[in-house]
Each structure stands twice: as structure tokens, then as C-alpha cells.
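Take a look at the sequence and structure first, and then we can walk through the rings, the ligand and a couple of individual residues.

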Amino acid sequence: MTRSFAPGKVILFGEHAVVYGRPALAAPVTQVHADVEVRDSDHTGIWIDAPDVNLRAELNTLPSDDPLASVIHNFLFLARVSPFPKLKIKINSTIPVASGLGSGAAVTVALTRALSSHLHFAMSDEEINAFAYEIEKIHHGTPSGIDNTVVTYAKPVYFIKGQPIEILKVGHPFTMVIGDTGVSAPTKESVGAVRKLWEADRVKWERVFDEVGGIVRQARRAMKSGEWELLGGLMNVNHELLQKMTVSSPELDELVGVARKTGALGAKLSGGGRGGNMIALVPLEMAEAVAGSLKEAGAKNTIITQVS
Ligand code: MEV
């Protein structure tokens, strides 16, 4: 039996603009993860059991665009595994789906790692990352590749699409509270909405993306030097620019406002938006209080995490 894990992720700064070549900052969230078990079986075929998405089926009965089926088919093709082995694959994930925490990328990475190890087809992190990016492209249209990268390397990253990754050196660890609106919002839709805006007025939106890029670069410096007030302020400005891109929502704005009122140094939505999660930068001693206020204001779940 082979078992593999991959963490969730948060985008700290720069979502959406990153699709258009601007930098972004992201970090793993180890409090939630995808967990995949692969074992040999006596039954013919490859049986998948994924209770979180109510799936229990043999691979060949699934449509080819099913996200799990596409990972397995593409892996077997890449590794030239033939005939198909008899396997039982169990997939559990504590990462909420369509919430901006990278659940799709985490399941892909954990599943690929478990298959590669169980079927003795060695893959480096770089190869896992490139494979997961191809899978993201099948399901998300025009992803930047940031989700699969953070999840594969499980380290904070400064990311620019198509460039070698830069593992982020965080001068001093800091604490974030993550709040889930409970509204599920597929990334593909919000990315598509921003693309429509951009297609209608490229000059305007390129300027907005440039502003986001400037914020990301300042944020990277503030993280290195431990200037938390500055970092919080930058989160607030980034959130405003995301509102402009129409990817916030009343629920996200409410939680962002509550976090700021109850002691956060700054807050913003995180990931695709229009639902999903928001993040708040907090002094460690305020983390529980901010998480409590978010819950009172309707957050379905909160996570306190350290970026280090
Ligand atoms: C999703 O986690 C981040 C987005 O920028 C999409 C992407 O980069 O692929 C919204």
C-alpha cells in the first residue's frame, strides 16, 4: 500500500493578475490536506473511492473529463502502464472544494505521487508539478500554475507564470486567519469573468494588473523585513483591486470588514473569489479573537495558520 499527502494553499497576494504575467505570493496550508492511498486489489479494474465527492466507481465507467479519471488516465499513459493494473484508490480530502484553497491541485498532486510510487515510476517534484499543471489546464481553462506549484513544493513561493519558482524567504513567521464564506465558487468562472473584462478593455485592466504587481513586490519586501503594518495595508489595497475585478462578494466583503474591525492588520479575499475563503493578517495573540468574530459573522469554518 502506498500513501501520499498534499497540503492546501492560500494566495497571499496577486491572484488573477498572476494569470496575466504579474507576480503573486502564496503559501501552503498544512491544516487541511488531500490524502491518497493506493493498494493492489483482487478485483479487475481500478476502483476509486472518494467519499468527499460521493464517488465510488471503476475508472472505465467514469466520463473522460472526470477530474480524478483524467489524472489516472494521463498518469497511466505517461508511465506507459499496460495492461491496466488491478488497484484500489482511496481519496480523502479535508480541503473544501471550490473554496480557493487549492483542493483540485492537492488531490492531483497527492494522487500522482501515490501512483508514481506504487507503480514504481519515479517522478521528481518538477515532473509532478509539470504534470499537475497540465491537469489544471484541462479543468481550469487558463490557470497560471501557482496552485499546483505551492501544493507540490509545500513551501511559500514568489511566483511568476512560466518562470522558475522562487521559494520565499520569510524573515519572521507571521499568523493568518482564514475564513470560509461557505459559498462554493469554481475558479474557472471567476477567471473567465476577469478575462471578459480584460478582453473588453485591455489597456485599463493591464494597468490594474500592474498595480497588483507593484503591491506583490512591496509585500515580498515587507515579509522579509517583518513590516506587518505595511503588509496588512497592502492586503487591504489588493482586496480593493480584486473588488474592482468583480471577484469579491457580499460575504467576502463582510468577513474582510469584520476581521479588520476586530484586530487584523489587513484582510483580503484569497484565490478565485466570488465565494470561498478570505485571509486576515493578525498579531498571534489576536488570532483566536479574530477567528471567533469571523465565525459569529457567519464564517462556515476558520483556520489559524503560520506562514514561515
Ligand atoms: C487561484 O488560486 C488563483 C487565480 O489567480 C487563478 C490562477 O492563478 O490560475 C485566481
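A charge sits over a ring if NZ of Lys or CZ of Arg is within 6 Å of the ring centre and within 35 degrees of the ring normal. By that rule, the charged end of arginine 202 sits over the ring of tryptophan 198, 4.1 Å from the ring centre.

This is a predicted model, in which local features need pLDDT of at least 70 and side-chain atom pairs count only at pLDDT 80 or more, while totals for chains, interfaces and linings use all residues. Residues are numbered from 1 along each chain as its sequence is written, and side-chain values use heavy atoms, with hydrogens and water left out.

**Aromatic rings and charges**

- A pair of aromatic rings is described by the distance of the centres and the angle of the planes.
- Rings of Phe, Tyr and Trp (its six-membered ring) pair if their centres lie within 6.5 Å; planes under 30 degrees apart count as stacked, over 60 as edge-to-face and the rest as tilted.
- The count by this rule is four aromatic pairs.
- One of them joins tyrosine 20 and tryptophan 198, and this pair is tilted because the ring centres are 5.0 Å apart with the planes at 50°.
- That pair links distant parts of the chain, 178 residues apart: tyrosine 20 is in the loop between strand E1 (2–13) and strand E2 (24–40), and tryptophan 198 is in helix H5 (residues 187–200).
- Helices (H or I, at least four residues) and strands (E, at least two) are DSSP runs, numbered from the N terminus.
- Tyrosine 20 also forms a stacked pair with phenylalanine 209, at 4.5 Å centre to centre and 15° between the planes.
- Phenylalanine 209 lies in helix H6 (residues 202–225), so its pairing with tyrosine 20 ties together parts that are 189 residues apart in sequence.
- Tyr20, Trp198 and Phe209 form one aromatic cluster.
- Buried means under 20% relative accessible area, exposed over 50%, and partly exposed in between (1.4 Å probe, protein chains only).
- Tyrosine 20 is buried at 11%, tryptophan 198 is buried at 12%, and phenylalanine 209 is buried at 0%.
- Elsewhere, the charged end of arginine 220 sits over the ring of tyrosine 158, 3.7 Å from its centre.

**The ligand**

- There are 14 residues around the ligand (a heavy atom within 4 Å), and Lys9, His16, Pro143, Ser144 and Asp147 come nearest.
- An oxygen atom of the ligand lies 2.8 Å from a polar side-chain atom of lysine 9.
- For histidine 16, a backbone N or O atom lies 2.8 Å from an oxygen atom of the ligand.
- Serine 144 has a side-chain N or O atom 2.5 Å from an oxygen atom of the ligand.
- The ligand exposes 300 Å² when taken alone, and the protein buries 96% of that; accessible areas come from the Shrake-Rupley method with a 1.4 Å probe.

**Two single residues**

- Asparagine 277 is in strand E10 (residues 277–282) and counts as buried at 2% relative accessibility.
- Leaving aside neighbours within four places in sequence, asparagine 277 is in contact (heavy atoms within 4.5 Å) with residues including Ser99, Leu101, Ile178 and Asp180.
- Aspartate 65 is in the loop between strand E4 (55–58) and helix H1 (67–78), and counts as exposed at 56% relative accessibility.

Methods. A polar contact is a pair of N or O atoms within 3.5 Å; within protein, one must be able to donate a hydrogen and the other to accept it, and residues adjacent in sequence count only if both atoms are side-chain atoms.
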